[in-house]
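Please read it beside the sequence and the coordinates.

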Amino acid sequence: MKKLISPRHVPTFSTPLHSNTGATTGWFRAIPWLMIFVLMMIGMVGVLSLYSAAHGAWRPWASMHAIRLGLGFTLMMVVAMIPIHFIRRYAILWWVLAIMLLAVLEVIGTGKGGVQRWVSIAGFNLQPSEPAKLAVIVMLAAYFHGLYPDMLRYIRTYIPAILIIMIPFTQVLLQPDLGTSLMLLLAASVVIFAAGIPRWMVMTVFGLVLAAIPIGWSMLYPYQKSRIMVFLNPDLDALGAGYQITQSKIALGSGGVVGKGYLQGSQSHLDFLPERQTDFIFTMIGEEFGFFGCIYVIGLYTALIFLLIRYSFAMKINFSRLLVIGVAAMISFYVTVNIAMVSGMLPVVGAPLPLISYGGTAMMTVFLGLGLVISAMLNEKDVHD
Amino acid sequence: MITRKAKQFEHTLSRRSLLLAGGQVALTSALVGRLFYLQIMESSRYEALSNRNRFDYKMLPPSRGRIFDSKGRLLAGNAEAYALNIVPSYTKDLYQSLRALSELIKLDHLYIDELMEKAEKQPSYLPLIIRDDLTQREVARVVVRGPELPGVSFDRIEKRIYPQGLLTGHLTGYVGRVSEDDITSGRVLPNMVNMQNGKSGVERALEEELRGLPGQERVLVNALGRPIKKSIEEAATPGTDIKLTIDINLQSYATSILRRGRNKPISYSDPKVQRALAADPELASAVSETEGFVFEDSLGRVVPPETGSIVVIDIETGALKTIVSTPTFDPNILSRRISNADWGTLVNHPRIPLLDRSIKGQYAPGSTFKMIVALAALEAGIINEKTRFFCSGHKDVGNARFHCWFKYGHGNVNVINALEQSCDVFFYELALKTGIQRIASMAKIFGIGLPTDVLIPGEKPGLMPDKKWKEQNIGQVWTPGETVVASIGQGYVLTTPIQLAVMMARLANGKFQISPQLKQGTPAPDAPEIGVSEASLSIIRRGMEAVLDGKKGTARNYQLDLDGVKMAGKTGTVQVKRITKAERDRGIVDNMDRPWKLRDHALFVGYAPMDKPKYAIAVVVEHGGSGSSAAAPVARDIMTYLFEQNL
């Protein structure tokens, strides 16, 4: 306590995650094995679901998904090796790279009906809005890491933070991808909230957002408006835009308590369910395994998020703490938006269920984020040394 | 200070983290709550919706009952056929696919246009029926080209076939696709839209029995409506087989005898025939090239087959042994999608093959009506067997002169002579004394002017006029002259061939007003009694026996040449055009020299055996000439065949 506390080091307010005894086994014990176990469980659900989505076949999705999980796991471990201060120092580079990728997308991006979300790099379809989300979290964490707590009182402190968020937010919004841009905004807001923004500012922003909803509505694309209108009343267009929601609800509801059985989901296997391998995979799980299956999947994600929150409590480095909370928020929003969407609580916005939905970008983003989390945990001890 | 501030800040941060954790709890709870609502509280509703999504219920058409003749020979049956379907949404271009198909199977471009129109009106994922009568060979041809024709599929179906073809056109009738009218009139249920139902003849009359009960098939379909798996929920109950009283051999024989008449067959390829056909388009449209022959009359002219009708009926049971109407049609072609050429041949035929003359052809009965007049007079006690009238060849009523067919007169004749020679004047006298009312009521006992309620639908009732009828329908008072005309079966009186057969059957039976039966095994309904004295009936029968056996009988040349079986009957020659005085003075032109349409109808009614009647017959040869020369030989041949074959 006599030591002067630099602003970069937040005082310990929790017991350390691991006792720092053996020098050789320290790093091994620092790895969050419980989290990795939960990740593997989720990944397994993904592979099994995609096997079912292909009517009981490894191709085309399940085997590829397993390979991607392996790649993602490797990526996570590789990222975990990077010293966390290195990440923090070069956070700006990542952020700039993400913005540039988004800008490139404006020019060469490919997508359906004038909607640009994908960019092909070396044969891989990359959706730059996903890593951009993580870049914003890392960048914000790095920014707030260097601030004295006193500075949080001033509005000018938040101008760089707003720029960090709004530049990629606007780019994603203009793609146009309302869902991802809103999720980016929400995850970033959580980071700022966790950084200790004064309460009055939270209230003011909240009030302003409520006031801005009517203005925002007028700026939406017609298809976005129709999605929202149909969401509010699916019967408006039961065979058109409301079709997905209606069929998804039928699939979930008909699953009942224990479901129709693995590979037996009639809605999914008779093609009534659209996009069953990507955004609507949770519906298929719900149809085949019922309410219990849903609880199991939600339970796994909730366990993952609570583990991350628990890790964040133990973080002594402010950057690490904010980063972990940001990653937790990102995963939480993925899961919540996806499940709320397929169960008809939110409009269809196109949000994957991380690690279960088929598709590489979101999965890689999650593994990348979790790699950073592990890196932060492995580097905790450096602070005390 | 720093420490305190830091502690406070640390406190804020940990509260924030806890708030976020709380937020996560709230989100999770919302999701779980929503799923609880969907999967537990509303589960049954969604399960029902899911089932409605995945199952499609399809009607399984029952196998239609078959129709047999009295000896169990097939008149209408089912053959396996293939329906060709195409799902427009699976094709690249429906029109191109149809064009490609038209190179493999018969599909004219008009029909392709029709199909294109139909395709626009239904969802593109539903199959469109292109043809429902493909043969195995056609199927093979399409299957080979299958890869180039996406969306094309086959259904095995049953096709109605009529192995006797032309012989049973009017009798069995034909089937066709259920029409909108069939549904609105309640003849078929709406769930049978894809079925066929009887459109005419027995097919229509016994539709309910023949149809059977459709079954139900549950088809698991995907979101595109494409069937994945089928399971039979309820098997179809096949329709009942029907056995008719008809003997198809007799039907065949009667048809050929009637068509030939007194003419000689001549090869279609004969140059003479070709010349005649080229010169006379009406003749050309009345004959069929596929048959291979036409006819040549006694004057060497090329003529089409005779037009007319034959009905043979069992006088005890009313069972119809044969019921023929010529020209006829092939029910096979009408049961399918008829080609324009075939349809054209049918409707352009000058002698209307679609008209079933046996029940819908209404003819004046002519002299075959004389038995009724005689019976009425005998029963009224106006004459007896011995009463004679003098025939001078004509009779004047008021200032009108009515002629006998024999202009020199028959002299003094009694009722038996009058029937034998068909003396008109005798019946003029008789009718004037008896009056139209008595004649009409006697006629009705024998079924004249009343529908016989034969099974085949569409029967015409004929007409037996009386005073009341004339007042109501023409608004005039009945005149004695009309009674005179009616007495020889001309004027307003109209009968159908089946009515004439029924009349003869009742005259021969003598006790019951039997009615025609077509379906074997139906108990004969309790027929009302005739109520005419046997004495009067036997006088009439002796008159009819004399027609064939008497020296002056009008059909004396046409008695059966069989041991112990003789025929009794009556000829009738019906004028279709009034003979004017000028024509009579010039001398009546012989039938053969008149245009066909102006020739007399030739009629013959009879029964055999004479002593113990079994069958009654009615023959009508439209514009055939005289009843004795054109109709009596036909009846003789058929009766001979009946007894020789011991049918």
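1. What share of the contacts in chain A with a separation of 6 or more comes from residues 24 or more positions apart? Such residues account for 74% of these contacts, a contact meaning heavy atoms within 4.5 Å. The model is predicted, with pLDDT of at least 70 needed for local features and 80 or more for side-chain atom pairs, whereas totals for chains, interfaces and linings use all residues. Residues are numbered from 1 along each chain as its sequence is written, chains are lettered from A and ligands numbered from 1 in the order in which they are written, and side-chain values use heavy atoms, leaving out hydrogens and water.

2. Chain A has 16 helices and two strands, these being DSSP runs (helices H or I, at least four residues; strands E, at least two) numbered from the N terminus. Of its 385 residues, 55% count as buried, that is, under 20% relative accessible area with a 1.4 Å probe, protein chains only.

3. Leaving aside residues up to four places away in sequence, Phe144(A) touches residues including Leu152(A), Ile192(A) and Leu322(A).

4. The contact between the chains involves 54 residues of chain A and 39 of chain B. The buried area, meaning the accessible area (1.4 Å probe) that two parts lose on being put together, summed over both, is about 4,000 Å², and carbon and sulfur atoms give 71% of it. Arg16(B), Leu31(B) and Gln39(B) supply 17% of the area that chain B buries against chain A, more than any other three residues.

5. Zero salt bridges are found across this interface, the rule requiring a side-chain nitrogen of Lys or Arg within 4 Å of a carboxyl oxygen of Asp or Glu. Helix 1 of chain B contributes the largest share of the side of chain B that touches chain A, 27 residues.

6. Is Arg506(B) buried or exposed? Arg506(B) counts as buried because its relative accessibility is 8%. The residue lies in helix 22 of chain B (residues 497–509). Arg506(B) and Gly318(B) are 188 residues apart in sequence, yet 9.4 Å apart in space, C-alpha to C-alpha.

Methods: Buried means under 20% relative accessible area, exposed over 50%, partly exposed in between (1.4 Å probe, protein chains only).
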